[in-house]
Amino acid sequence: MPAISRTPHPRERRIIFKNIDREGWTPDIDCYLKDGGYEELKKALNMQPQEIVSEVKASGLRGRGGAGFPCGAKWGFIRPGETKPIYLICNADESEPGTFKDRYIIHQDPHQLLEGMIISCFAVNARLAYIYIRGEFPLGAKILERAIEEAKGHGFIGKNILGSGFDLEIYVHRGAGAYICGEETGLIESLEGKRPYPRIKPPYFPAALGLYMSPTIVNNVETLCDVKYIVRIGGAEYAKIGRPNNTGTRLLCVSGDVQKPGYFELETGGVTMGELIYDICGGLKPGRKLKAVIPGGSSAKVLRADERYKIKTKRPDGTTVEEEIGIDDIRIDFDSLAAVGSMAGSGGVIVMDDSRDMVWALNNINEFYAHESCGQCTPCREGSLWMQKITARLLDGGGMPGDTDTLKSAADNIAGRTICAFGEACAWPTQSFVGKFRDEFLAYTSKNGNQQG
Amino acid sequence: MEIPQELAGRIDEVITHYPVSKRSAALPLLHLLQEHFGYLSDEAITWVAEKLELEPINILELVTFYPMFRQSPVGKHHIRVCRTLSCAMAGSYQLLDAFCKHAKIEKTHGGKGHLFKSPDGKYSVEFVECLASCGTAPVCMINDDFYEAISEENVPQLLDKYQ
Ligand SMILES: Cc1cc2nc3c(=O)[nH]c(=O)nc-3n(C[C@H](O)[C@H](O)[C@H](O)COP(=O)(O)O)c2cc1C
Ligand code: SF4
Ligand code: FES
């Protein structure tokens, strides 16, 4: 079992992943401190909490967990002078298929995450914080627990941190194998010791009402690491990285049919899909052609290799022009992927070549969602299972006339009718696969002698 | 059901992580008991409920919801193979079959959902969803150990490590 060696690609700009796979780097605090670790914490403790929030707002940082919501705005929902206790939760559930970035931070650079968390807690005045880590990361949980002990030993966590008067406790909380625990309100229910049933909105943000009915900030692992870097260089400097409204770097996780899959830290919007696939990931396997890409975790709508997209781009002189672009030209950032009808999501890029059967691929995805629906809402619980049963029977040769349209209509009847965004997450793959590869679905129904589709 | 002193100490310590609500300690307690006993018996479920001043149903509904908890023993060595897209494209279905073949597990017997056990109880195999390592697909876990980029040929040698 070869340990896959990973030297950063020249196109990368490693900030959050600076220490990942670094020679001689170990996850203990001595190594971190030797490298200048916890200096940003010291700097932050000498700032006003409100100043840190302002820097994060100025940085333009958008959440890296999936939705891309501006981090500073979320923090801003905490009312000044709030009398209830405030909590912060690090979302380390990392379970969106195709996503594998937080794993490396947790295992190789836990102190970077802790430092980002402590700074964030100080900024929003949280005195109790949890890292909700997926159950299948037992080693990661141990590494984080050890890191917390080490940080306590140095006075970075606990009472009166570095003489600042600020108290904070951080605990690791392990999940137990359910994807829905990544959804922030499901996560909170889970942390309260209940089934992880997502909460009915409004309130739209746990920042209004979260853990134990108190204001709670939930942020992804990568987002919290970005905060540390923002404190180092300032919000305005950070905002110069990447592109307007898509600032900073992003950790992209590429898997599937490329020569060199892996993780890459790139300026947000700094590369196009074509550059990512062909230059950075070494292109497709010999003799293969690109067929489809899922650009932001399995929930993101699939992109077909030969699609043309009409997008509006802003010229430097302020005028906008409409351009027609192909898949290779899509910039990998929040706004560009939204403009082509998909999303940047969690940064998980799944590449499929022309050897792949799209009905098979969708069935695999449908099995995931059918298994992971929490079951609270009828459209999601029943619909996700329906969709999976239909794709399974198409594959088994038992396709029925009208299956393709039934599949699409099942998906259409889930999205927008559920308690949480899982509804969209499970509908989008089916809507996009059936919409864009309709012929392949029809071919399966006609295999069974049915021509109508 | 006997709780050794060391475990009892860890249980009491973990409850202190949740100063606002003891109920939050339910998952960590279930993890600790499952690690110790191999699975969660009715007795263990009732014990956790009493410890946290809850009704047994409050704990049972967690055990039946979360995929990692189980109410009957698995094999001495438990193998989890990732089933999801990137791993499936890299051959994880064939990998699961290879584990079954070499561990002498029949897929039709004793399977609850996607979980299968060898007759001697030494190994069990289960399909799980994306393990967040899709770049090194296919991946699996044996007990708490993680293995990436494995192929069918690695299976006998892997099983040898777990006796
Ligand atoms: C079904 C579902 C699953 C999710 N899974 C994760 C996850 O595994 N990790 C994560 O950070 N966010 C996940 N999210 C997003 C969270 O709800 C939340 O938006 C995020 O943790 C906020 O952090 P951020 O603003 O730093 O991105 C998921 C959302 C949904 C709807
Ligand atoms: S949409 Fe699905 S996952 Fe979300 S609350 Fe409803 S049933 Fe549960
Ligand atoms: S699909 Fe197997 S680890 Fe993600």
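Where in chain B is B:P138 found? B:P138 is found in the loop between β3 (123-128) and β4 (140-142) of that chain, where helices (H or I, at least four residues) and strands (E, at least two) are DSSP runs numbered from the N terminus. The model is predicted, so local features need pLDDT of at least 70 and side-chain atom pairs count only at pLDDT 80 or more, while totals for chains, interfaces and linings use all residues. Residues are numbered from 1 along each chain as its sequence is written, chains are lettered from A and ligands numbered from 1 in the order in which they are written, and side-chain values use heavy atoms, with hydrogens and water left out.

The bond that joins B:A137 and B:P138 is a cis peptide bond, with omega about -5°. In chain A, the peptide bond from A:K201 to A:P202 is cis, with omega near -5°; A:P202 is placed in the loop between α8 (184-191) and β4. Most residues other than glycine have a negative phi, and most peptide bonds are trans. A:N160 has a positive phi, near 50°, and lies in the loop between α7 and β3 of chain A.

The rings of A:Y38 and A:F156 have centres 4.0 Å apart and planes at 15°, so the pair is stacked (ring centres of Phe, Tyr and Trp, the last by its six-membered ring, within 6.5 Å; planes under 30 degrees apart are stacked, over 60 edge-to-face, the rest tilted). Because A:Y38 lies in the loop between α1 (29-34) and α2 (39-45) and A:F156 in the loop between α7 (138-153) and β3 (169-174), the pair ties together parts of chain A that are 118 residues apart in sequence.

Turning to the ligands, 17 residues surround ligand 1, and A:G65, A:K74, A:N91, A:N220 and A:T223 are the closest (a residue counts if one of its heavy atoms lies within 4 Å). Strand β4 (residues 216-220) of chain A gives the most to this shell, with 3 residues. An oxygen atom of ligand 1 is 2.7 Å from a polar backbone atom of A:G65, and a nitrogen atom of ligand 1 lies 3.2 Å from a backbone N or O atom of A:G182. The protein covers 90% of the 610 Å² of accessible area that ligand 1 has on its own (Shrake-Rupley method, 1.4 Å probe).

Around ligand 2 there are 13 residues, the closest being A:C374, A:C377, A:C380, A:T418 and A:C420.

Note on methods. Polar contact = N/O pair within 3.5 Å; in protein donor to acceptor, adjacent residues only side chain to side chain.
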